[in-house]
Amino acid sequence: MAEYLRRKQLYSAERGDHKSRALVVGGALAVGTALVIAMLCAFAGLPGVVTAQLAVLAALAVGVVGAVRFLRTPPEIEAWREDAEAERSTARALDRLVRAGYTVLHDRSLADSAGNIDHLVIGPSGAWVIETDAHQGPIRQNAAGVWAGKVPLRAMLGLVAWMGEEATAQLLGELPGGWQLEVQPVVAFARAEVPAGLALVEGVLLLPAAGVAEYVLSAGVVLRPIDVAMLVDVAERAFPAYEVSGPPPSWPTRSRLRGLLRR
């Protein structure tokens, strides 16, 4: 969710940078179109009133089209909005864990990474890094890898596995000596169908978003209440809330936005 807000903010900043130029260009196009229509009408011998009406309508049409194109949300940002909606859906499904005494941290920063952890769950059954995926279609695996419909998931699964390893390392680095902990990476599919409702691919657990809470609750008890409390305290310090902020002043807004959209 935070990542979507950041990208939308960057897009709005870029649009603001070009607002004056867009107004000038749009106005010039509207006036130019009106003049061309007026010349054609005059050449055709149409009355002055009709000529004026057609010229004004043409200018208005150009203005409306320009405004729609300028104000529309690009497909990249729209895709991130859908991801954010899916992430909120997963967060609502995880509310069941909160009622069961688990701690669920949303949108947490991960050190040395530009990304964020969607959901970090901590409770008696251990620690879980949960990332939401919004792709549609059945999940299938073949020699070429894992797919959601026609979308390859290898890169995403590799990233989620790394996030689990990194979270484990950062938590153990802050915990007292003797702790044994392995954060389980999970991909929660908000729209795709997971065969048999469960899959394990290279250490990453694949689950439907609606079934994550039930799986976590049924995973057994591996931490005592005192251990859970200590782990939550460390996690809240190690993974602060992911901040939504604009680009640094030294970075051109357009360059930063385009760099983000290429990821």
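Is Trp128 buried or exposed, and what is its relative accessibility? In this predicted model, Trp128 has a relative accessibility of 6%, and because buried means under 20%, Trp128 counts as buried. Tyr215, with a relative accessible area of 30%, is partly exposed.

These two residues also belong together in another way. A search of the whole structure turns up one aromatic pair, and Trp128 and Tyr215 are its partners, arranged edge-to-face. Their centres are 6.1 Å apart, with 90° between the planes. Trp128 belongs to strand S3, whereas Tyr215 sits in helix H6 (residues 212–217), so the pair ties together parts that are 87 residues apart in sequence.

H7 covers residues 225–238, 14 residues in total. From its first C-alpha to its last it reaches 20 Å, close to the 20 Å expected at 1.5 Å a residue. Its buried residues are Asp227, Val228, Leu231, Val232, Val234, Ala235 and Ala238. An α-helix has 3.6 residues a turn, so residues three or four places apart point the same way. The buried residues of H7 pack against strands S1 (103–109), S2 (116–123) and S3 (126–133), and also against helix H5 (154–174).

Between S4 and S5 (residues 145–148), the antiparallel pairing runs over four bridges. Within this arrangement, Ile139 stands opposite Ala148 in S5.

Terms used
Residues are numbered from 1 along each chain as its sequence is written. This is a predicted model: local features need pLDDT of at least 70, side-chain atom pairs count only at pLDDT 80 or more; totals for chains, interfaces and linings use all residues. Side-chain values use heavy atoms; hydrogens and water are left out. Helices (H or I, at least four residues) and strands (E, at least two) are DSSP runs, numbered from the N terminus. The expected span of a helix is 1.5 Å times one less than its number of residues. Buried means under 20% relative accessible area, exposed over 50%, partly exposed in between (1.4 Å probe, protein chains only). Contact means heavy atoms within 4.5 Å. Two strands pair if DSSP finds at least two bridges between them. Rings of Phe, Tyr and Trp (its six-membered ring) pair if their centres lie within 6.5 Å; planes under 30 degrees apart count as stacked, over 60 as edge-to-face and the rest as tilted.
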